[in-house]
Amino acid sequence: MNYNKKTIYDVDVKGKKVLLRCDFNVPQNKETGEITSDKRIVAALPTIKYLLDNGAAVIACSHLGKPKGEWKTKLTLAPVAKHLSELLGQEVIFAKDIIGEDAQAKAAALQGGQIMLLENLRFDIREEKNGADFAKALADMAEIFVSDAFGTVHRAHASTAGVAAYLPAYSGLLVNKELSIMGKALDDPKRPFVAVLGGAKVSDKINVINNLLEKADTIIIGGGMSYTFLKAQGHEIGKSLLEADRLDYASEMIEKAKAKGVKFLLPVDHLCAAEFSAEAEAVAAEGDIPADMMGMDIGPKTIEAYSAAVKGAGTIVWNGPMGVFEFDKFAVGTKAMAKALAESGAVTIVGGGDSAAAVEKLGFADKITHISTGGGASLEFLEGKELPGVACLLDK
Ligand code: AMP
């Protein structure tokens, strides 16, 4: 997959109408609709400001929530338009529809330096179905397409990929940052390249492990997925998470890593609990896990070994927590890994979703080189999959 894509710096946007796909999928208070974190809107500002400062007429668009083709008043983007306008210090013209009369009239009248926002793309079922007529109608309002919503580039939707059939397509600054940092880590990493993989299930990470076995020097496994690997090696794992149908796969991966000379590290000790609860007593276990217990976190010896393994790394990619980090007692391993990454001196990349939330919650976010803004997208990136919203952009 080619990550070297043309950006907004590679095109003259002056006087041009630019369709800009943003990620304004902000969290909201369910009752009042109030935006509870404007992080995603703030993150979009550099691209928007660059386009406006350089004379583009910006037609911004985004999805919000999961209306699934229904017009749901609660999921209107109107509050986003208002907030964006406050952040930019200029009017954000809001269209009452997506490709309807209001949007078309407002887009036609839009001047360089002005910005408008279309209504929630997912109010129309054709957005997620990548309907050609819908994509064309979106594209017809503009002359250039800019993709800046990394969280949706793994989806072939009308506004993420479909429109590129009708418009020259460039990456915005957010998408470009994701592509250049993660692309380099996968294609030309500073070595040793260490991947830290955790989270609940082996089955979610199979393609990531397969791809990283070809690229990484060390793979560190933690979290719920480690117990299937340990069971495959003949350990007792008690009541821990087990994917019995993945045992053969787990053995194969361990063998494959050996054959390729990739270090494949599994936990050697654990923090266990008798039940899955925040109040459960944390019980230490080394090697096997007692029959009436489940593994909830990596233990102190594992933390020491894993911290040593990331020390001196050139590049570290992390996806998935080392334990049930939502419960304080079992957040020790995840916290220790976040600290080890922060202190490693390596290029550190944290995938979106739970691991990003963990790093932020534990206060290490500013010591990490890059925290991806896309959970699903960053995982598919690590799988080496072709991302439709990236493949459709013009190559450099
Ligand atoms: P994922 O979405 O695959 O990254 O998995 C994240 C989830 O895995 C989090 O909600 C964690 O609580 C959960 N998890 C991590 N370690 C364990 C474990 N040992 N047992 C059960 N769940 C776990």
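The following conversation walks through selected features of a predicted model.

Visitor: What kind of model is this, and how are residues numbered?
Guide: The model is predicted, so local features need pLDDT of at least 70 and side-chain atom pairs count only at pLDDT 80 or more, while totals for chains, interfaces and linings use all residues. Residues are numbered from 1 along each chain as its sequence is written, and side-chain values use heavy atoms, with hydrogens and water left out.

Visitor: How many aromatic pairs are there?
Guide: The count is 6 aromatic pairs. Rings of Phe, Tyr and Trp (its six-membered ring) pair if their centres lie within 6.5 Å; planes under 30 degrees apart count as stacked, over 60 as edge-to-face and the rest as tilted. Trp71 and Phe123 form a tilted pair, with 4.7 Å from centre to centre and 45 degrees between the planes.

Visitor: Where do Trp71 and Phe123 sit in the chain?
Guide: Trp71 is in the loop between strand E2 (57-61) and helix H2 (78-88), and Phe123 is in the loop between strand E4 (115-117) and helix H4 (125-128), 52 residues apart. Helices (H or I, at least four residues) and strands (E, at least two) are DSSP runs, numbered from the N terminus.

Visitor: Is Phe123 buried or exposed?
Guide: Phe123 is buried, with a relative accessible area of 3%. Buried means under 20% relative accessible area, exposed over 50%, and partly exposed in between (1.4 Å probe, protein chains only).

Visitor: Why is the pair of Phe150 and Phe381 tilted?
Guide: The pair is tilted because the planes of the two rings are at 50 degrees, with the centres 6.3 Å apart. Phe150 lies in the loop between strand E5 (144-147) and strand E6 (169-171) and Phe381 in helix H13 (residues 375-382), so the pair ties together parts that are 231 residues apart in sequence. Both Phe150 and Phe381 are buried, and together with Tyr3 they form one aromatic cluster.

Visitor: Let us turn to strand E5. Which way do its residues point?
Guide: Ile144 and Val146 point one way from E5, Phe145 and Ser147 point the other way, and all are buried. In a regular strand the side chains alternate between the two faces of the sheet.

Visitor: Which strands does E5 pair with?
Guide: E5 runs parallel to strand E1 (residues 17-21), joined by 4 bridges, and E5 also pairs with E6 in the parallel sense over 3 bridges. Two strands pair if DSSP finds at least two bridges between them. Leu20 has Val146 in E5 as its bridge partner, and Ser147 has Ser171 in E6.

Visitor: And helix H3: which residues are buried there?
Guide: In helix H3 (residues 101-109), Asp102, Ala103 and Ala107 are buried. They cover an arc of only 125 degrees around the axis, which puts them on the same side of H3. The arc is that of the directions from the helix axis to the C-beta atoms. On the face turned away from the buried side, H3 carries the exposed residues Glu101 and Ala108.

Visitor: What covers the buried residues of H3?
Guide: The cover includes E1, E2, strand E3 (92-94) and E4.

Visitor: Last topic: where is Asn319, and what is in contact with it?
Guide: Asn319 is in strand E13 (residues 315-319) and counts as buried, at 6% relative accessibility. Leaving aside neighbours within four places in sequence, Asn319 is in contact (heavy atoms within 4.5 Å) with residues including Val196, Lys205, Gly351 and Leu382.
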